[in-house]
Amino acid sequence: MAEIIPFEPDPVNTGVEKKMMKKQILPAVAAALCAGTAVTAYAQSNEKADTIGVSLRQVDVLANRATIKTPVAFTNVTKRELDSYNDGRDIPILLEQTPSVITTSDAGAGMGYTSIRVRGTDGSRINITANGIPINNSESHNVYWVNMPDLASSLRDVQIQRGAGTSTNGAGAFGASINMVTDAPSLTPYGEVSGSYGMYNTHRETLRVGTGLLGGHWSLDARLSQMGSDGYIDRATSDLWSYFGQLAYRNRGTLLRLIAFGGKEKTYMAWDYASKEDMAEFGRRYNPCGEYTDADGNRAYYRNQYDNYIQHHFQLHLSQRLSDRWNLHAALHYTKDNGYYDQYKTRRTLVEYGLTPFVNADGETVEKSDLVRLKYNVNQFGGGMATFNYLHGPWDITIGGAANYFHGNHYGEVAWVRNYMGPIDPLQRYYDNDGDKFDSNIYARANYDINNHLAVFADLQYRHIHYTIDGCSDNFDWNTGNMALLDIDRRWDFFNPKVGVNYVLGNHRAFASWSVAHKEPVRDNFTDGDPNHRPEAERLFDYELGYNFSHRLFTIGVNLYYMDYKNQLVVTGQLSDTGNPLSVNTPHSYRMGIEFQGALRPCSWFDWSINATLSRNRIKDFTEYIYEDEWTNPISFDRGDTPIAFSPGFILHNAFNFKYRGFDAQIASRYTGKQYMNNAKTEECTLDSYFVTDLHLGYTFRKVFGLKQIHVGVSVYNIFSEKYFNNGYCGAGYYMDGTEKVIYRYAGYAAQAPAHVMANASISF
């Protein structure tokens, strides 16, 4: 989907000037809407204001949103676009046609564990919010979309800001921000039943209902979803439940909303991926997770190799119109989640799990054995935020702040050991630690209209973080003969200024901006990273320059960016034993590129949208460290100027859209260039380029059998059965051959499904 931004009228214009500007902007707005692209945040705020009757400029929408006058690169994805092809795939998959975006899927078919990258940066570096509330886990900075299945069915729209973006709550944005807004309270009663089913036993069943306005003040909206899939990858099954509920009270100038959403997931692990050698022997669907050798010497799989998790989000929002010029939005939030991995591990060293080597029936001392471990994570996250918005004449000012506290308990238990002889406590706990994090920020942002065409922008944010980890790690310290102790106590204070200028003349828009962003290390950087290279905070200077032109027949846009990093934490290509990517600081690195967007609508029933990113992503003077085993005896290599891992130099998205009466169709393609899976430019550790095309067909019957509408559709994904991998890992080590150090590398790949079909239907009443 191309980023086409229709221009909003200046709110201070009146009379003849306002009429003249309407003549200029309406063709551009029409072209953008017909192209199936996003409307502006300003138009969205009008839509919501009409719905809730509070204020024309809703603070809860605009507080962390970019508008046509904000000098940043952004794309809005409307509810119509989200609903068009929402058959149960995760939100990252629904956003994959937006500029500079690539997605991954562990199970290979878009359901289960998925992730998103923007401009080459991974999900832990993308700030995710829902109604302005942080969604990223405070410690890992990741968003595990599998914990919130089918949230797309309860979203009103999504805005993706590329680069540093505007000041927001939660972890710093180092590649992008994704700002989700849930459905507005409905004034009219409604109901909807929808479902989908396709290959690999992939399915979704959803029920949505709303009471409409009750007693002139109250309304209730609710959704319940059940989803599941066998996955393309062997045993990569998922069993998912989710819910959304919203109780709203409104009065003149006031809107109070209590929102709850969450999910429960049980997903068989597929994140170990398979080597190309294993795929050649066992097939592309081979999954090494849970594999072991049974007592008869046969290959077997642990049936309980599942990730089990429950997550609940609670939000209380107050939107209050204070005067014609001032609006207030305040919110309280609380997130509660817990779960565990159930993992079969082969030939594990017993002392690393608090167990004593034993003598078996043959009189042999057993120091390594197969075992089953349970790794638990219990989290609580809560806080509050407040935002004031002032709008008068040429000024649009937002002042806000937030304070959040997170507590996470991490512990592991040994559930079973093969043939163990000796005392063992049931579910023996072998590590236990707590992470606590306090995160607060204040910011002030202002847009000032110098005249009807030129506006300047400034955004100043101060952020304070205090993070501690106490207890024993799940890593064994061979120097002490015990689990490694964790005693992390770090504080950071960041100042993040942003300035820019925006120019609008007729159908032309141009902007330039300079932003500063900082980001603290994540938990894995402390617990699983190289102990010889402790993580440091990162800093980003982001330079953006953009231009857009809108016409009733076509729109075009171009954005240039240069992202200059100091101490950027880049992924090494290796994974922790729970599947999370490991990272290391690099002193100097950068991402620079050019993003193109365009759309053409030559007739009423057809439009074409396209976007492409050409980029260069480099680490200056990269030093690679290779270890003999578990961070021991490192050797180093100066690799010079190298590409950043998982950062393709070229990304292309293309879509042909057809609409005629109730019929709609789309042919959507995406091309992703070659990616290295480590930072050493190792050819044997690459993801080859791939080109994938999807076909969507649908028909909507309106007002039949007394119903509002019935929609039926079918999608064929990867219609040309491209055999590709969209994720993986790369590790390295060495061994001694006499006095010579011999380096070896190993890699795993996330194979994606060939051509597969999903059918969907929905009934609205």
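Is Glu 538 buried or exposed? At 1% relative accessibility, Glu 538 counts as buried; that word means under 20% relative accessible area, with exposed meaning over 50% and partly exposed in between (1.4 Å probe, protein chains only).

What you see is a predicted model, so local features need pLDDT of at least 70 and side-chain atom pairs count only at pLDDT 80 or more, while totals for chains, interfaces and linings use all residues. Residues are numbered from 1 along each chain as its sequence is written, and side-chain values use heavy atoms, with hydrogens and water left out.

pLDDT is the predictor's confidence in each residue, from 0 to 100. The protein averages 88, and 90% of the residues score at least 70. Residues 1-60 are another story: pLDDT stays under 50 there, though the model has 148 contacts beyond four places in sequence for them (a contact means heavy atoms within 4.5 Å). Where pLDDT is low, the predicted coordinates should not be read in detail.

## A sheet of five strands

Now for an open sheet: its 5 strands run in the order β1-β6-β7-β4-β5, with mixed pairing. At the edges sit β1 (73-78) and β5 (133-134), each pairing on one side only. Strands (E, at least two residues) and helices (H or I, at least four) are DSSP runs, numbered from the N terminus, and two strands pair if DSSP finds at least two bridges between them. Strands of a sheet pair through backbone hydrogen bonds, either parallel or antiparallel.

Take β6 (residues 155-162), which pairs with β1 in the antiparallel sense over 6 bridges. Ala 73 stands opposite Arg 162, and Phe 74 has Gln 161 as its bridge partner. β6 also pairs with β7 (residues 176-182), again antiparallel, over 7 bridges; here Arg 162 is partnered by Ala 176. Because 8 of the 8 residues of β6 are buried, the strand is largely enclosed by the rest of the structure.

## Salt bridges across the chain

A search of the whole structure finds 33 salt bridges, each being a side-chain nitrogen of Lys or Arg within 4 Å of a carboxyl oxygen of Asp or Glu. One of them joins Asp 157 and Arg 65 (2.7 Å, N to O). Asp 157 is in β6 and Arg 65 in the loop between α3 (59-62) and β1, 92 residues apart, and both are buried.

Back to Glu 538: its salt bridge is with Arg 125, the closest N and O atoms being 2.4 Å apart. Arg 125 lies in the loop between β3 (114-118) and β4 (126-130) and Glu 538 in β25 (residues 538-550), so the pair ties together parts 413 residues apart in sequence. Arg 125 counts as buried too, at 4% relative accessibility. There is also a network of salt bridges linking Lys 79, Asp 83, Asp 183, Glu 192 and Arg 208.

## Two residues to look up

Glu 81, in helix α4 (residues 79-84), is buried yet has no salt bridge. Its nearest side chain of opposite charge, Arg 80, is 8.8 Å away (Lys and Arg count as positive, Asp and Glu as negative; His and the chain ends are not counted). A polar atom of the Glu 81 side chain does lie 2.9 Å from the backbone nitrogen of Thr 78.

Then find Ile 424, in the loop between β20 (395-417) and β21 (428-449). Ile 424 is partly exposed, with a relative accessible area of 31%. Leaving aside residues up to four places away in sequence, Ile 424 touches Leu 355, Val 414 and Val 417.

Methods:
A polar contact is a pair of N or O atoms within 3.5 Å; within protein, one must be able to donate a hydrogen and the other to accept it, and residues adjacent in sequence count only if both atoms are side-chain atoms.
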